[in-house]
Amino acid sequence: MRIVIIGAEAAGMSAAAKARRTDREAEIIVFEQSQVVSFGACGLPYYIGDSFDDSGFMAERSVEQFRDSGIDLRVGHRVERVDMAKRTLLVTDLDKGHSFPQPFDKLMIATGAAPVAPPIDGLELDRVFFLKTLEDGLTIKPLLASDEVQDVVVIGAGYIGLEVAEALVHQGKRVRVIERAGRVLSESFDAEISELMEAELIRQGVQLHLNESVTSLEGEGQVRQVVSELGQYPADLVILATGVKPTTEFLADTGIDRLANGAIVIDPQGRTSLPGVYAAGDCATVPHRVSGRPAYLPLATSANKLGRMIGENLCGREKVFPGTLGSAGVKVLGLEAGRTGLSEQEAQAQGLAFSTVVINDKNTTNYVPEQRDLRVKLVYRTEDKRLLGGQVAGGPGAVLRVDALAAAIVGGLTTEDLGMLDLVYAPPFARTWDALNVAGNVAR
């Protein structure tokens with residue numbers, strides 16, 4: 001059997017490695033357009049922020065290691081189109097400049113996503129970057145070490161935008177974040193949590209602009225100024241964190257089911273609407289455990305898990321993915337924030353009968369030095385108080401409490417169950433009634 005995988009990052013290489021272990025006889029070919037494989041872009045903000053210097057830490061395994069394991073990994077190869085009738089790919093060898101057909105028996109698409117370029121004039125200027133690739137990180141890091149770069153503008157206040165802002169503050173730069181929405185991380189967190197992140201950014205000296213759209217970047221060859229509908233701001237360097245779009249344009253003529261943004265729709269076994277074709281990673285949806293609907297959540301956790309499962313299914317197994325909760329966390333300078341399950345806005349959009357509760361508490365006992373605030377929000381079904389989602393923000397320990405909420409949702413726990421859940425108590429870690437217990441007991 002010939003298995004072909006398009007894309008050699010988290011989902012693709014997880015599938016290839018698992019398929020190799022599952023079927024020692026199968027021919028496994030992986031095509032990757034770039035020269036970098038198994039790369040974790042999540043580390044880029046921390047790399048440019050000088051949390052570490054060895055860029056190799058962001059790659060799990062090398063090209064040579066994968067090849068040594070029996071995977072025919074071909075970098076510098078771009079797949080141009082898929083011919084389902086002939087079950088072949090048209091592949092271009094970018095180094096040699098020629099194309100060739102590649103037959104397949106089973107196919108996995110793991111082409112990831114590309115940065116969304118907003119309609120802003122001046123994106124071609126020097127020192128304007130999207131932070132997505134290893135090359136981006138390698139270019140930006142030395143620039144931030146230069147005294148010439150003092151004013152940095154981040155466009156976009158999603159996960160990457162906020163992590164980049166933190167990195168820039170650590171580098172001693174004057175940081176400005178411009179976001180066209182009315183609050184930060186508005187698609188993932190509810191307002192009660194966003195407002196804490198916004199307050200922390202401002203407290204740490206970040207110039208935060210909400211409800212403001214950038215119209216152009218200006219400068220003679222090199223960016224010098226960011227222009228919005230409301231003002232003009234100095235900029236020695238600009239980083240765009242304006243979201244991503246699935247890289248699936250080459251599939252347009254196949255008839256494969258996709259969302260409006262181009263994400264490939266998959267079922268719980270990772271199968272697409274095309275026979276013998278699977279997909280995972282930032283190019284595809286993920287089955288949501290609570291809503292039961294396909295969700296576009298480009299997270300490394302789901303990409304790796306689905307990739308591993310699809311690796312078995314490519315070899316004839318029938319593994320089923322239990323579904324994602326969209327669990328995610330972010331550190332915004334001195335504040336942690338995490339979420340899992342459905343937010344209030346997501347539950348509302350799905351027409352569910354739900355209730356919410358928000359409580360403010362502490363992360364440790366009162367006599368522990370540097371005790372910090374915690375805020376917990378729960379979303380639960382009104383009829384039976386079963387948990388649908390939760391968010392936690394505050395000092396140390398906030399994000400890891402979200403793991404308990406994720407387990408509670410999977411276990412079908414109610415707010416009453418959460419109120420009496422036997423959580424760890426010790427003065428440096430929690431109060432005798434943990435903040436999650438308090439939230440569960442306050443819920444009505």
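**Group meeting: a walk through a predicted model**

Let's start with one pair of residues. Val177 has a bridge partner in strand S12, and that partner is Leu208. Keep in mind that this is a predicted model.

Which strand joins S12, and how many bridges are there? Strand S11, residues 174-178, is joined to S12 by three bridges, and the two run parallel. Now zoom out. S11 and S12 belong to an open sheet of five strands. Read the order as S9-S16-S10-S11-S12, with parallel pairing. Strand S9, at 128-130, and strand S12, at 207-209, stand at the edges. Each has a single partner strand, so one side of each has no neighbour in the sheet. On average, neighbouring strands here are turned by 20° against each other, direction ignored.

What packs on this sheet? Helix H4, residues 134-144, does. H4 touches S9, strand S10 (151-155) and strand S16 (237-240). The direction of H4 makes about 135° with that of S9.

One general point before the next pair. Strands of a sheet pair through backbone hydrogen bonds, either parallel or antiparallel. We have seen parallel pairing. Here is the other kind. Strand S23, residues 354-362, pairs with strand S24, residues 373-381, in the antiparallel sense. Nine bridges link S23 and S24. Opposite Phe354 stands Arg381 of S24.

Look at the faces of S23. In a regular strand the side chains alternate between the two faces of the sheet. The covered face of S23 has Ser355, Val357, Ile359 and Asp361. The uncovered face has Phe354, Thr356, Val358, Asn360 and Lys362.

Next, the rings. A search of the whole structure finds four aromatic pairs. One of them is Tyr47 with Phe52. The centres of these rings are 5.5 Å apart, with 45° between the planes, and the pair is tilted. Buried or exposed, what is Tyr47? Tyr47 is buried, because its relative accessibility is 6% and the cut-off for buried is under 20%. Phe52 is buried too, with a relative accessible area of 18%. Tyr47 and Phe52 form one aromatic cluster together with Phe57.

Charges also sit over rings. Lys141 lies over the face of Tyr47, 4.4 Å from the ring centre. Over at Phe66, the charged end of Arg61 sits above the ring, 4.4 Å from its centre.

On to helix H7. H7 has 14 residues, and at 1.5 Å a residue they should span 20 Å. The end C-alpha atoms are 20 Å apart, which agrees. Buried residues in H7 include Ser302, Ala303, Leu306 and Met309. What covers the buried residues of H7? Among the elements that do are helix H1 (10-22), strand S7 (106-109), strand S18 (277-279) and strand S19 (286-287).

Val320 lies in the loop between H7 (300-313) and strand S21 (328-332). Val320 is exposed, with a relative accessible area of 55%. Leaving aside neighbours within four places in sequence, Val320 is in contact with Pro268, Gln269 and Met309. Take Gln269. Val320 and Gln269 are 51 residues apart in sequence, but their C-alpha atoms are 4.8 Å apart in space.

Last stop: Glu218. Glu218 lies in strand S13, residues 214-218. At 35% relative accessibility, Glu218 counts as partly exposed. Not counting residues up to four places away in sequence, Glu218 touches Leu125, Val223, Arg224, Gln225 and Val227. Glu218 and Asp121 are 97 residues apart in sequence and 8.1 Å apart in space, C-alpha to C-alpha.

Technical notes
Residues numbered from 1 in each chain as written. Predicted model: local features only at pLDDT ≥ 70, side-chain atom pairs only at ≥ 80, totals over all residues. Heavy atoms only, no water. Helix = DSSP H or I, 4+ residues; strand = E, 2+ residues; numbered from the N terminus. Buried < 20%, exposed > 50% of the residue type's maximum accessible area, 1.4 Å probe, protein only. Contact = heavy atoms within 4.5 Å. Expected span 1.5 Å × (residues − 1). Phe/Tyr/Trp six-rings, centres within 6.5 Å; stacked < 30°, edge-to-face > 60°. Lys NZ or Arg CZ within 6 Å of the ring centre and 35° of its normal. Pairing = 2+ DSSP bridges. Axes fitted to C-alpha atoms, helices over the stretch in contact; angles between N-to-C directions.
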